[in-house]
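Q: I'm new to this one. Could you walk me through how to read it, a feature at a time?

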Amino acid sequence: MNVNQHNIEELILLCKQKNQKAQCEIYNRYAKAMYNVSHRIVKDSHFAEDVMQESFLKAFTRIDDYKQEVAFGAWLKRIVVNCSIDFYKKNNQFKPEDFDATLYKIEETEIGILENTSFKDLKVKQILDTITSLKYNYRMVLTLFFIEGYDQEEISEILNISYANCRTTLSRAKDCLRKKLEEI
């Protein structure tokens with residue numbers, strides 16, 4: 001049977017046996033999606049491709065750690081997100097601010113969108129560009145929450161911040177994004 005006819009579970013078993021054709025097939029199936037994940041974080045197409053390839057190498061060397069507790073794509077995506085964040089921090093001389101030192105205890109309230117403000121006419125590109133213009137921690141939290149689909153607990157683990165800090169940062173990021181979008 002040709003490797004492109006195998007389902008993902010069979011391909012994973014073959015990868016655990018160091019089958020390069022199976023690795024290539026998994027790469028072909030997931031490369032585009034994982035590139036997009038990396039590009040949203042790294043913000044550069046060439047670096048995103050490098051990070052994606054490094055992530056696949058890491059995944060294939062650690063394939064025995066995959067215990068099928070989550071879907072393979074989710075496991076791989078977590079590796080890509082972590083590698084992308086690490087790359088971004090290392091190459092942008094990002095000095096992480098002490099989130100806990102800047103954490104203010106605020107009551108999280110949902111602020112409704114003003115009735116006279118209409119975001120219907122905004123295009124996706126404008127919204128993504130606006131997210132990109134935000135400061136690093138806001139951009140990262142919004143990207144992981146809205147685009148990558150992680151919940152707040154997962155985001156706090158990925159960014160190594162407390163759950164309360166994640167909630168506060170996400171709330172502030174949403175407010176900041178809302179204000180910038182109202183200006184457009």
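Predicted model: local features only at pLDDT ≥ 70, side-chain atom pairs only at ≥ 80, totals over all residues.

Q: Which residues line the second largest pocket, and how do they divide into nonpolar, polar and charged?

A: The lining consists of His39, Arg40, Lys43, Lys125, Leu128, Asp129, Ile131, Thr132, Thr143 and Ile147. By class, that makes three nonpolar, three polar and four charged residues.

Q: Now the helix pairs. At what angle do the axes of helix 8 and helix 9 cross?

A: For a pair of helices, look at the distance between the axes and then at the angle. The axes of helix 8 (residues 152-159) and helix 9 (residues 163-183) come within 9 Å and cross at roughly 105°. Angles of 65 to 115 degrees count as roughly perpendicular, so that is how helix 8 and helix 9 lie to each other.

Q: Which residues make that contact between helix 8 and helix 9?

A: Helix 8 brings Gln152, Glu153, Ile155 and Ser156, while helix 9 brings Tyr163, Cys166, Arg167 and Leu170. Sorted by class, the contact of helix 8 with helix 9 has four nonpolar, two polar and two charged residues.

Q: And how do helix 1 and helix 2 cross?

A: The axes of helix 1 (residues 8-16) and helix 2 come within 8 Å, with a crossing angle of roughly 135°. Helix 1 and helix 2 are therefore oblique to each other, and their crossing is left-handed. On the helix 1 side, the contact is made by Ile8, Leu11, Ile12, Leu14 and Cys15; on the helix 2 side, by Ala22, Gln23, Glu25, Ile26, Arg29 and Tyr30. The classes here are eight nonpolar, one polar and two charged residues.

Q: Is the crossing of helix 2 and helix 4 left-handed or right-handed?

A: Right-handed. The axes of helix 2 and helix 4 (residues 72-91) come within 9 Å and cross at roughly 35°. In helix 2, the residues involved include Ile26, Tyr30 and Met34, and among those they meet in helix 4 are Phe72, Leu76 and Val80. By class, this contact has 13 nonpolar, three polar and one charged residues.

How values were computed:
Residues numbered from 1 in each chain as written. Heavy atoms only, no water. 1 Å grid on protein atoms, 1.4 Å probe; cavity = no way out; pocket = protein on both sides within 12 Å on 5 of 7 lines; lining within 4 Å. Nonpolar A, V, L, I, M, F, W, Y, C, P; charged D, E, K, R; others polar. Axes fitted to C-alpha atoms, helices over the stretch in contact; angles between N-to-C directions. Helix = DSSP H or I, 4+ residues; strand = E, 2+ residues; numbered from the N terminus. Parallel < 35°, antiparallel > 145°, perpendicular 65-115°, else oblique. Contact = heavy atoms within 4.5 Å. Left-handed = near helix turned anticlockwise from the far one by under 90°.
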